[in-house]
Amino acid sequence: FPPPPPPPRVCGAVMSAAAAVAAAGVVGRAAAARSSVCLGASALVRRVRSMSARAPARAFEARMVPGYARTRLTAPGTTTITTLFASASRLHHPRHTRSITTVTDKNEYHRLANETMEGLADKFEELCEDHPNGASFDVEFGGDVLTVKLAEHGTYVINKQSPNRQIWLSSPTSGPKRYDFDVDTTRWVYSHDDVTLHDRLSSEISEALDMPAHFELPDTI
């Protein structure tokens, strides 16, 4: 039998053109994936992962982190916390910032936190007295921890976190939250959603107890 014919020779220019087309296709698909803002974050990451360009996929996935905080010292006794957010719906402007100038002085933090905790305890006790089923509720405050048991509505735990100069909330409705005292607004704020501790409690407790529950900071703060 005669030997098989040699494979066709392709000139370098043709091969370069083919490589350029293939590369353009990969880049085009990656760009299309990044522009599909209607897709959910996880679906979008999976779509990018399925492509052969692994480095862009890793870079894009890092941008999908929900949020993280960085701090820098400002005036004595305060620090500025900037929370950065990544948004799947705003790929061209993925980060939104919220800066909080918070207290770092130990004595001032304890003063603010103690008065806040005492005010919250008094308000919860008042609500228990006014609610028709208040006899089944329980409010305990001691050791920098406020525990509020609202029967079938769940248990709220609010405590001081001195090392971080924060107040922590554990809610049966919204889960755990960490609040910093914003010197500019004189409010305890959760930097990830810019909702204050007292506004969150007012909303959740009012809905849970089916009665108005307005929480506010003591006048001394």
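**Strands, salt bridges and aromatic pairs**

Reader: Which residue of S6 stands opposite Leu-146?

Author: Leu-146 stands opposite Ile-158 in S6. Please bear in mind that this is a predicted model.

Reader: How many bridges join S5 to S6, and how do the two strands run?

Author: S5 and S6 run antiparallel and are joined by five bridges. Their hairpin has five residues between the strands, and Ala-151 there takes a positive phi near 50°.

Reader: And what joins S6 to S7?

Author: Five bridges join S6 to strand S7, residues 166–171, and these two also run antiparallel. Gln-161 has Gln-166 in S7 as its bridge partner. In this hairpin four residues lie between the strands, and Arg-165 takes a positive phi near 55°.

Reader: Why is S6 called largely enclosed by the rest of the structure?

Author: S6 is described in that way because five of its seven residues are buried.

Reader: Turning to charges, how many salt bridges does the structure hold?

Author: The structure holds five salt bridges. In one of them, Lys-160 pairs with Asp-144, with the closest N and O atoms 3.8 Å apart. Lys-160 lies in strand S6 (residues 155–161) and Asp-144 in the loop between strands S4 (138–142) and S5 (145–149), so the pair ties together parts that are 16 residues apart in sequence.

Reader: Are those two residues buried or exposed?

Author: Lys-160 counts as buried, at 9% relative accessibility. Asp-144 is partly exposed, its relative accessible area being 36%.

Reader: What about Arg-111, which residue does it form a salt bridge with?

Author: Arg-111 forms a salt bridge with Glu-115, where the closest N and O atoms are 3.5 Å apart. Both residues belong to helix H4 (residues 106–130) and are four residues apart, about one turn of the helix. Arg-111 counts as partly exposed at 33% relative accessibility. A network of salt bridges links Glu-108, Arg-111 and Glu-115.

Reader: How far apart are the closest N and O atoms of Asp-193 and Arg-200?

Author: In the salt bridge of Asp-193 with Arg-200, that distance is 2.4 Å. Asp-193 is partly exposed at 33% relative accessibility, whereas Arg-200 is buried at 13%.

Reader: On to the rings. How many aromatic pairs are found?

Author: A search of the whole structure gives four aromatic pairs. In the pair of Tyr-109 and Trp-188, the ring centres are 6.3 Å apart and the planes stand at 80°, so the pair is edge-to-face. This pair links distant parts of the chain, with Tyr-109 in helix H4 and Trp-188 in strand S9 (residues 187–190), 79 residues apart. Tyr-109 is buried at 1% relative accessibility, and Trp-188 is buried with a relative accessible area of 1%.

Reader: Last topic: what lines the second largest pocket?

Author: The lining includes Arg-187, His-198, Asp-199, His-214, Phe-215 and Glu-216. By class, the lining has four nonpolar, four polar and three charged residues. About 160 Å³ of space lies in this second largest pocket.

Note on methods: Residues numbered from 1 in each chain as written. Predicted model: local features only at pLDDT ≥ 70, side-chain atom pairs only at ≥ 80, totals over all residues. Heavy atoms only, no water. 1 Å grid on protein atoms, 1.4 Å probe; cavity = no way out; pocket = protein on both sides within 12 Å on 5 of 7 lines; lining within 4 Å. Points joined across faces, edges and corners; volume = space filled by probe spheres on them. Nonpolar A, V, L, I, M, F, W, Y, C, P; charged D, E, K, R; others polar. Salt bridge = Lys/Arg side-chain N within 4 Å of Asp/Glu carboxyl O. Buried < 20%, exposed > 50% of the residue type's maximum accessible area, 1.4 Å probe, protein only. Pairing = 2+ DSSP bridges. Phe/Tyr/Trp six-rings, centres within 6.5 Å; stacked < 30°, edge-to-face > 60°.
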